[in-house]
Amino acid sequence: MAPTVPLPALALVALVALVAPGLGVAPGCDSPAHLWCSSPEIAAACQVQGHCPNLPHPAAAPVELSLYYESLCPACREFLVLELFPTWLLLPSEMLNITLVPYGNAQERNDSGKWSFQCQHGPEECLGNMIEACLMDEAKNLSTYFPIIFCLESGSSVTKNLEAVRPLAHPSCPTVPHAHPRDISVPLTPPCVPFPWQCLQIYAPELDRGRIAACVQGDRGVALMHHNAQLTEALDPPHQYVPWIAINGKHTDELQAQAEASLLGLVCHLYQGEKPEVCESSKAQKAPGGCRR
């Protein structure tokens with residue numbers, strides 16, 4: 001009986017026949033044929049990647065999304081709460097990188113070396129922007145601060161959250177047990193800045209409240225807002241409204257419309273790696289129009 005040829009040997013013969021007619025070797029390939037599929041680097045050098053199905057594929061780059069927004073803009077809150085946060089929850093972390101820039105249509109002024117800010121929806125929005133900027137600065141990690149920001153933006157008010165808002169302890173602050181930012185007796189300026197601790201307590205109790213409060217009250221918060229102002233003013237093309245969405249560093253009317261209509265569908269379409277099952281059905285209602293400058 002004729003000897004049996006092992007299957008791996010047959011596969012190797014077939015591979016050599018396919019990629020190296022006449023037993024020729026691709027320029028730059030100095031490995032023996034039995035090693036051609038042993039690594040992505042050798043397969044590339046020997047020009048046989050398409051014939052090595054078991055090779056590990058390099059990880060696809062995540063879709064990069066930058067959201068330029070302001071804390072009290074209704075359309076910004078709608079997009080963040082109904083599109084961005086659910087999409088982030090549904091997708092694997094390697095598919096989507098998110099950058100949040102709370103500033104929007106605000107304007108800054110330099111008075112004798114000190115920055116001040118005027119926001120489209122008033123002082124409460126400036127406070128909300130700074131709270132979120134300080135949260136991000138303290139938490140560092142999106143997976144820590146994004147649920148808190150979602151909690152703030154999905155409530156009835158960003159800067160007050162049920163009864164959990166209190167004025168910070170300071171001799172000049174009024175002793176009101178549950179003060180709200182709109183109470184005229186509690187100013188929105190340091191050192192009496194209220195903060196919605198409830199969202200922090202629910203989603204990241206390990207964060208240092210004192211450090212976040214100090215950021216909101218102090219120079220660090222002002223510096224963060226100035227940085228966000230610079231990021232927003234550097235947009236090309238310049239933003240005309242918020243939410244202003246950039247995908248992989250680009251903003252177009254088409255990308256904006258697609259992101260607002262179905263962000264999940266857009267990210268699934270753009271991602272070049274293996275897609276999860278949730279990408280098979282990804283449609284959502286279009287968010288309302290933005291807050292124009």
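Let me start with one contact. At the start of α7, Asp208 places a side-chain oxygen within 2.9 Å of the backbone nitrogen of Gly210. That is a polar contact (a pair of N or O atoms within 3.5 Å; within protein, one must be able to donate a hydrogen and the other to accept it, and residues adjacent in sequence count only if both atoms are side-chain atoms).

Some ground rules. This is a predicted model, where local features need pLDDT of at least 70 and side-chain atom pairs count only at pLDDT 80 or more, while totals for chains, interfaces and linings use all residues. Numbering runs from 1 along each chain as its sequence is written, and side-chain values use heavy atoms, with hydrogens and water left out.

Stay with α7, residues 209–217. Its buried residues (under 20% relative accessible area, 1.4 Å probe, protein chains only) are Ile212, Ala213, Cys215 and Val216. Down the axis of α7, they fall within an arc of 155 degrees, so they line one face of the helix.

Next, strand β1, residues 63–69. Six of its seven residues are buried. Which strands does it pair with? With β2, residues 96–102, the pairing is parallel, over seven bridges. Leu65 has Ile98 as its bridge partner there. With β8, residues 244–247, the pairing is antiparallel, over four bridges. Tyr68 is partnered by Trp244 in that strand. Pairing here requires at least two DSSP bridges between the strands. β1, helix α3 (residues 74–90) and β2 also make a right-handed β-α-β unit.

Now the packing. A nonpolar core is a set of buried Ala, Val, Leu, Ile, Met, Phe, Trp, Tyr and Cys residues joined through side-chain atoms within 4.5 Å. The largest has 65 residues, and Leu67, Leu84, Leu100, Leu135 and Phe146 touch the most other members. Helix α4, residues 123–139, gives the largest share, nine residues. A second, separate core has eight residues, including Ala43, Cys46, Val48 and Leu55.

Take Leu84. Setting aside residues up to four places away in sequence, Leu84 touches Leu65, Leu67, Phe79, Ile98, Leu100, Phe146 and Leu263. Contact means heavy atoms within 4.5 Å.

Last stop, Thr232, in helix α8, residues 219–233. Buried or exposed? Buried, because its relative accessibility is 2%. A polar atom of its side chain lies 2.8 Å from the backbone oxygen of Asn228. Beyond four places in sequence, Thr232 touches Tyr68, Val101, Tyr103, Gly104 and His239. Tyr68 is the residue that β8 partners through Trp244.

Terms used:
Buried means under 20% relative accessible area, exposed over 50%, partly exposed in between (1.4 Å probe, protein chains only). Helices (H or I, at least four residues) and strands (E, at least two) are DSSP runs, numbered from the N terminus. The arc is that of the directions from the helix axis to the C-beta atoms. A crossover is right-handed if, with the strands pointing away from the viewer, the path from the first strand over the helix to the second runs clockwise.
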